[in-house]
Amino acid sequence: MSNIAKGLEGVLFTESKLTFINGAEGILTHLGIPIQEWAEKSTFEELSLALLDAELPTAEELAKFDAELRANRSIPAELVELIENMPRRAHPMQALRTAVSYLGLLDPQSEEVSQEARRAISIRMIAQFSTIIAAIKRAQEGQPIVAPRQDLTHAGNFLYMLNGKEPTAEQARLFDIALILHADHGMNASTFTAIATSSTISDMYSCITSAIGALKGPLHGGANEQVMVMLDEVGSPDKAAEYITDKLDKKEKIMGVGHRVYKYFDPRSRVLRDYAEVVANKEGRSNYYQILETIEKTVVDRIGSKGIYPNVDFYSGTVYSDLGISKEYFTPIFALARISGWCASVIEYSRDNRLLRPDAVYTGLSDQHYTELQDRQ
Ligand SMILES: CC(=O)SCCNC(=O)CCNC(=O)[C@H](O)C(C)(C)COP(=O)(O)OP(=O)(O)OC[C@H]1O[C@@H](n2cnc3c(N)ncnc32)[C@H](O)[C@@H]1OP(=O)(O)O
Ligand SMILES: O=C([O-])CC(=O)C(=O)O
């Protein structure tokens, strides 16, 4: 009987210097630095550069990178036109997948796979993801697309393009922290997908388009949207415990809890919970937070012993809601942050590439012969 690692659980397929996770204790570090410190002291721009180069940048390197990001925010007019003409009913993740694939068609460097080209394309994609996602939202809502500004931070400019008005410094910083928390997470399904694509020596746009497809599913990045669906279904805090108990009795999954690696609190969920609480204390928005608190308690009491605790997707939506972002855009926002981790991981793996090609235990028939169609039952 062969040993099958179902879901590749626990399989080590490469080495990485970027991200360390201790799932039993709920520890996450990038370049050895705890995620809480990145969230408190850094910026999305700095973490993105640190991941791309696998080292902490100097002030000069960061300033150069930041300037490159700002200079590359605009997207080609052909892509704006495509976004404006996309079907309104499309989910924004479908739209993002198509837009990124199209961006690859428009980039004359897209087929280059040297490390230098991969890095240059990564910088452009990190810069342009925010413009694409904001444009998709504006177009889907029938509003004019807002051109990027160079004088705002990455997070501030995204909120500006999304809402058509400049965010406060507090809003921009809150969003920056959310981006930091989502930027990278080891060999998660979408990063693995990006690496699997790059391992055939395919181009960056193909890697990232495949990663977007993997992130979209509700067992991965799509869970943040589903948490909001659940909150709306629950409706009020007094109904939350019964709702969860009922779901667990029926052996249904609760969205935003459980994780392949964390068997304790995902540290990112703790940071987001603190911000969600701040948001909750603002007038009129406490309902969601109170429902989440009750769900967390009910889940941990009932199945915490199985290692089921809130993950990063549990509290993020309440923070985004406060920034005026509707739930269909929660997963695109995840992609807006994870683009850095995807690009950095592809670059890291490509340095010493080996084709990814696992195997399956064959359980089908043997010693068969072809039966003519008319002779089959
Ligand atoms: C950014 C991210 O990708 S974070 C994850 C986002 N996804 C979600 O929030 C979706 C909800 N969560 C899940 O579906 C799962 O926890 C996953 C897919 C994330 C991880 O799943 P796995 O590692 O395959 O865990 P597995 O399915 O083996 O679960 C172990 C046990 O916990 C239970 N369990 C796991 N997650 C949940 C959940 N969300 N709700 C209820 N029970 C759960 C399983 O039913 C199983 O119980 P059993 O041993 O009695 O059969
Ligand atoms: O690591 C995982 O499997 C999922 C996750 O939390 C992430 O991608 O942020």
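The structure is a predicted model, and the chain averages a pLDDT of 96, with 99% of the residues scoring at least 70. The domain assignment of the chain gives domain 1 and domain 2, and the helix pairs described below are helix 11 with helix 16 and helix 4 with helix 5.

**Confidence**

- Besides the per-residue scores, the model carries an ipTM of 0.99 and a pTM of 0.97.

**Domains and their contact**

- According to the domain assignment, domain 1 is made of two stretches, 30-221 and 326-350, while domain 2 covers 223-322.
- The centres of domain 1 and domain 2, taken over C-alpha atoms, are separated by 26 Å, and the contact takes 18 residues from domain 1 and 16 residues from domain 2.
- On the side of domain 1 that touches domain 2, helix 1 (35-41), helix 8 (169-182) and helix 16 each supply at least two residues, and the largest share, five residues, comes from helix 8.
- Sorted by class, that side of domain 1 has eleven nonpolar, five polar and two charged residues.

**Helix 11 with helix 16**

- Helix 11 (residues 223-234) packs with helix 16 (residues 330-350) at an angle of about 150 degrees, and their axes are 7 Å apart.
- Because angles over 145 degrees count as roughly antiparallel, helix 11 is roughly antiparallel to helix 16, and the crossing of the two helices is right-handed.
- From helix 11, Asn-224, Glu-225 and Met-228 take part in the contact, where they meet Phe-330, Thr-331 and Phe-334 of helix 16.
- The residues of this contact divide into three nonpolar, two polar and one charged.

**Helix 4 with helix 5**

- Helix 4 (residues 77-84) and helix 5 (residues 92-106) have their axes 10 Å apart and pack at an angle of about 155 degrees.
- That angle makes helix 4 roughly antiparallel to helix 5, and the crossing of helix 4 and helix 5 is right-handed.
- In this pair, Glu-78, Leu-79, Leu-82 and Ile-83 of helix 4 meet Ala-95, Ala-99, Tyr-102, Leu-103 and Leu-106 of helix 5.
- By class, the contact of helix 4 with helix 5 has eight nonpolar residues, no polar residues and one charged residue.

Technical notes. Residues numbered from 1 in each chain as written. Chains lettered and ligands numbered in written order. Predicted model: local features only at pLDDT ≥ 70, side-chain atom pairs only at ≥ 80, totals over all residues. Axes fitted to C-alpha atoms, helices over the stretch in contact; angles between N-to-C directions. Helix = DSSP H or I, 4+ residues; strand = E, 2+ residues; numbered from the N terminus. Parallel < 35°, antiparallel > 145°, perpendicular 65-115°, else oblique. Left-handed = near helix turned anticlockwise from the far one by under 90°. Contact = placed C-beta atoms within 7 Å. Nonpolar A, V, L, I, M, F, W, Y, C, P; charged D, E, K, R; others polar. Domains from an automatic or database assignment. pLDDT = per-residue confidence, 0-100.
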